[in-house]
Amino acid sequence: MALRNQLEKSGSWLFRYRSYLPLAILPIFFICLASSSYLGHSHAINELWQVGCLGLSLSGLVLRVIIVGHAPCGTSGRNTREQAANTLTTTGMYSIVRHPLYLANYLIIIGFTIEFHVWWLVLLTTCIYALYYERIMLAEEAFLRERFGEAFEQWASVTPAFIPRFRGWKPSPVPFCWRTVLQREYNAFFLIVAVFFLLDLIGDSITERRFKIGVTWFGLFIIGFVIFATLRTLKKRTHLLTVEGR
């Protein structure tokens with residue numbers, strides 16, 4: 001089997017389990033967390049650093065919101081069993097980068113990682129992410145190439161895979177839909193809020209050698225949980241967030 005075919009095959013397998021396999025690197029994060037200390041030996045400076053990291057992760061969520069809000073039916077989904085695409089999306093964020101959702105996910109994850117202020121952890125996470133998602137991207141593009149042929153080739157020839165090229169921007173003809181965003185992105189929102197709350201709780205408790213809950217972070221967590229629970233209930237028990245054709 002040719003190397004490219006092997007990479008595409010492994011990418012298809014990774015695609016199916018992409019929500020769970022990254023958890024395998026959690027032990028490395030826990031090791032770094034065990035030696036937590038305040039940046040600059042100052043709690044105030046450390047808090048500002050955390051806010052900046054949260055902002056970076058939220059920028060990834062904003063990018064996901066833009067993508068999902070303009071996504072036509074059958075694209076940008078959370079399918080895991082197999083590749084699926086009813087249409088080839090080449091406008092909106094897809095006009096400046098071929099894999100904008102993976103770019104968004106990277107921003108979210110790197111925000112978590114920088115929180116530890118350990119330079120080699122950022123480098124390690126970036127390398128693992130690149131190796132992991134490179135194979136998934138190859139598998140996805142093999143599927144798109146087979147399904148859309150020349151249309152895919154033309155789009156891929158002028159659109160970078162991961163680093164955006166902003167001068168290629170073409171607005172999406174699909175109107176933005178908040179209900180679709182609320183239906184599909186509440187998990188990502190709560191994940192970000194919960195992770196930063198836990199990192200603050202564990203980091204402060206280890207550094208100060210006593211159990212400590214930051215009031216602001218705890219309040220943010222409670223608000224996030226209420227939003228998460230509300231949207232999940234609306235999705236599971238009502239049709240308020242359902243949009244025909246989206």
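Author: Arg135 is partly exposed, with a relative accessible area of 22%; on the scale used here, buried means under 20%, exposed over 50% and partly exposed in between, computed with a 1.4 Å probe and with protein chains only. The model is predicted, so local features need a pLDDT of at least 70 and side-chain atom pairs count only at pLDDT 80 or more, whereas totals for chains, interfaces and linings use all residues. Residues are numbered from 1 along each chain as its sequence is written, and side-chain values use heavy atoms, with hydrogens and water left out.

The side chain of Arg135 meets that of Glu134 in a salt bridge, with 3.4 Å from N to O. The term denotes a side-chain nitrogen of Lys or Arg within 4 Å of a carboxyl oxygen of Asp or Glu. Glu134 is partly exposed as well, at 41% relative accessible area. In general, side chains of opposite charge can pair when their charged atoms come close. A search of the whole structure finds six such salt bridges.

One of them joins Arg64 to Glu185, whose closest N and O atoms are 2.7 Å apart. This pair links distant parts of the chain, since Arg64 belongs to helix 3 (residues 43-69) and Glu185 to helix 7, and 121 residues separate them. Helices are DSSP runs of H or I with at least four residues, strands are runs of E with at least two, and both are numbered from the N terminus. Arg64 counts as buried because its relative accessible area is 9%. Glu185 is likewise buried, at 4%. For the protein chain as a whole, 41% of the 246 residues count as buried.

Helix 7 covers residues 178-208, and its 31 residues should span 45 Å at 1.5 Å a residue; the end C-alpha atoms lie 42 Å apart, which agrees. The expected span is 1.5 Å times one less than the number of residues. Helix 5 (residues 119-148) passes the corresponding check, because its 30 residues should span 44 Å and its end C-alpha atoms are 41 Å apart.

What follows helix 7? It is Arg209, whose phi is positive and near 55°. Most residues other than glycine have a negative phi. Arg209, although not a glycine, has a positive one. Arg209 sits in the loop between helix 7 and helix 8, and it counts as exposed because its relative accessibility is 80%. His41 has a positive phi near 55° too, again in a residue other than glycine. His41 lies in the loop between helix 2 (26-34) and helix 3, and with 77% relative accessibility it counts as exposed.

Arg210 forms a salt bridge with Glu208, their closest N and O atoms being 2.8 Å apart. Arg210 is partly exposed, at 47% relative accessible area, and Glu208 is partly exposed at 25%. Together with Lys212, these residues form a network of salt bridges.

Val226, which lies in helix 8 (residues 215-237), counts as partly exposed because its relative accessibility is 46%.

To place this part in the whole, the protein chain has eight helices and zero strands.
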